[in-house]
Amino acid sequence: MSKKEGKKSREEEQISKEEEKIGHVPALFSCSVFVEQPCFNTNWILQSNKQGQLNDYICLICKQVASNAFEINCPQHQDLDKSLIVGERCLKQFLNANPNSCPVQVHDGCVYNQVQLAQRYINDLEVMCPLQFQETQQEDEITETIVCNFKGKIKELKDHLDNACPLKMVDCWYKPFGCRHTCVKHKLQDHLVLEVKPHFDLVAKLIGTLRQAIRDHQEEIKQLKSNMQAKDEENAMLANENRSLKKEVLQFRQDIIQLNSSKEFSILYLLELEKFKKEVMVKVERLKKEIMTKSDQVIKIKEEIALKQKEWLEKDNETEKIQREISKAQSDIEMLRQDFNEKDEKNVQDSHKLYQKDEQKDNKNLSSCTSFDRFCSSSGLLKTFAGHTDYVWGIDSTTFDNNQLICSGSSDKTVRVWNVETGKQIQLFDGHSSDVYCVKFSLYHYYHQGRTVICSSSHDRTIRFWDFKNGQSLRIFDQHTNWVGRIEFSPFNGDRYLCSVSFDKTVRLWDVETSKLLFAFNGHTDGVWCVSFSPLQSNNNNNNNNDKSNNIGIIGGNGYTICSGSYDRTIRIWDIETFKQLIAFKGHKKAVSSVRYSPHETNIILSGACDGTVRLWDIRSKKQIQKFDGHTREVSAAEYLPFVTNEDNGDGFASSVGNIICSGSWDNTIRFWDIRTNKELHVIKANHEDRGVSYIKFLSLKNRSNADHGCNTNLCYGSKVVLFIFWDNTIFNKLFLIDVNFQFSFLLI
């Protein structure tokens, strides 16, 4: 390393040490109100004060005297018997490093406020000059000493440091030349003497830079002068040309005057005209030759186009031939596909018939053993299923591996599956980003793929399919443009089709097999909440005089419809085959919250609404046929009962099951109605803490305690808690309670 470089390095090291030693002092005492300043050095303040004066003003973070004091007021520290003071700068640094935390104890949500009284006390403390304090802290021996005798209040330091302190830092005289050294005033002379050579080099360097800049400017001026001279010469040439043109114009004018005055003017004019005509004829002939040449080129191009067209025609013939072969192949494939579909659909029908036989067997067992009177007298409550952290919006049930399962959807954005027998949660799906409004088990996946799949709709505008066994999402339908309400699977074609309704005012029909949207029914003028498919038709139904068969290969077959209830206060009937609206029932005064086809008479529709009424509608007459008043608040759900009455029709069995309906309401009751007499039969009053009934659903669950393994019908109603009302074939044998939060927000509209 050269001497010059070593000296420069020592100079930089000395400057760095001096800056490190005194650099923070001006920042600490640069203003009378110490906003954003570091806390004050405790040793410095103790030079003029006692420790007891400072104990209540020590910063919790840096352990120095707090600058711009803040007090921590978190409820968690109310029992602490000590002052919780921090400096503003320390508090901000702590919160930046630990957002929303507390410097006293580990918890969220730190509460603090500025303490003006404490800050005024600190500003009035007597202190010595901070620069003098630093001088006394230096370990190096000082040969000559300049002392600052200032003793005053902290709030007076700014004026002292700016105007009176002999230890005030000053810049080197050669700062304009590049020297960055600062020191106290009495040391400046030593610096100037020691650094004469570096200062001379800085001045020489600046002079050299200025000289180079002057030379550059001189070159620039020369170039500008040269450009100006060239412009002057160009202007002179233009001026000469202008003068020559003026002379020519003047001469031309004089010639014209002479011609006008001459007798030969007309002859000269004619000669010039003749000359001009000849020139025009020459140009015309030249243009004709060019046109002939272009015509030959056009003919040649036409011949090439004709040749290309012939080639294209041949290619079109070849393409047509290939397309005919493809069509033939497609026909063969279609025949094979139809044959496969017929066999597949036959298998589906056979599976569905077996399922219906089992279901009919259970229902027969239930019908022969259960009556409405027994239900009224022996109903009770079932198990607790706890786990949801917010309101529950939907429930469904199925059987998997001989275990009875219940699935539920909630405002906590989850779908959960429970084992009915053990009461334990066995699966959870948390893929939705908002409230889950409806859940259904998919029979289509069970029949065709042999697995249990749950379908759910959500406020996040999606419909999702979940594989129960592996806990994964299978697919997502996301074409709705607003939240999705209720969903229903088709009773025909083995649950292959799914219907959904949404606040985007549409009713949408999906093909579960292809995951495609088949059609969007438009007609409602407000959001749609509820939907129902017409019941599965039977070719052996003696009450059906229509001889058309249920064509499984066609969507819905013959005569299937969808009904939907909306916030626009209407119930609309849609034809699944033609995708047309058939009927719009009007009569409810508020939003329609529930719609159901009669399972025994497809021309009757049951509805409940927020106007507090339950109504029956006849599709054939397109009119309301019955109205049930009794609820004092909004009706949230309406259902047909799945069991029979106690009337005997002469053959030892009970009469038709289609004469009793029930409805749940926010008036905290479930009411049962006889549709023949239009009278109320029975009322179940929910607990006061339930805060209303938000839905009702009948579930048929097997009773393992019975020797014949029969089924029990369970009425599930939801509110703040979801309850099962239970009875069986012989005795009421057990009480359970399902406690899951539940509430319908749409009923408040």
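Predicted model: local features only at pLDDT ≥ 70, side-chain atom pairs only at ≥ 80, totals over all residues.
1. **Arg416, location.** Arg416 sits in strand E10, which spans residues 415-419. Its relative accessibility is 9%, so Arg416 counts as buried. The cut-off for that label is under 20% relative accessible area.

2. **Arg416, polar partners.** The side chain of Arg416 makes a polar contact with the side chain of Gln425, at 2.9 Å. The Arg416 side chain also makes a polar contact with the side chain of His388, at 3.1 Å.

3. **Arg416, surroundings.** Leaving aside residues up to four places away in sequence, Arg416 touches Gly387, His388, Ile406, Cys407, Ser408, Gln425, Gln427 and Leu428. Both polar partners, His388 and Gln425, are therefore part of this contact list.

4. **Helix H5, buried side.** Helix H5 covers residues 88-97, and its buried residues are Glu88, Cys90, Leu91, Phe94 and Leu95. Viewed down the axis of H5, they fall within an arc of 160°, so they line one face of the helix. The cover over these buried residues includes strands E1 (69-72), E2 (85-87) and E3 (112-114).

5. **Helix H5, other side.** Which exposed residues does the face of H5 turned away from its buried side carry? They are Asn96 and Ala97.

6. **Nonpolar surface patch.** Tyr269, Leu270, Leu273, Phe276, Val280 and Val284 make a nonpolar surface patch of about 550 Å². One of them, Leu270, is found in helix H11, residues 265-369. Leu270 counts as exposed because its relative accessibility is 54%, and the cut-off for exposed is over 50%.

Key. Residues numbered from 1 in each chain as written. Heavy atoms only, no water. Helix = DSSP H or I, 4+ residues; strand = E, 2+ residues; numbered from the N terminus. Buried < 20%, exposed > 50% of the residue type's maximum accessible area, 1.4 Å probe, protein only. Polar contact = N/O pair within 3.5 Å; in protein donor to acceptor, adjacent residues only side chain to side chain. Contact = heavy atoms within 4.5 Å. Patch = residues over 30% accessible without salt bridge, like charges linked within 9 Å, V, L, I, M, F, W, Y side chains within 5 Å. Areas by Shrake-Rupley, 256 points an atom, 1.4 Å probe, with all protein chains shown as cover. Salt bridge = Lys/Arg side-chain N within 4 Å of Asp/Glu carboxyl O. Arc of directions from axis to C-beta.
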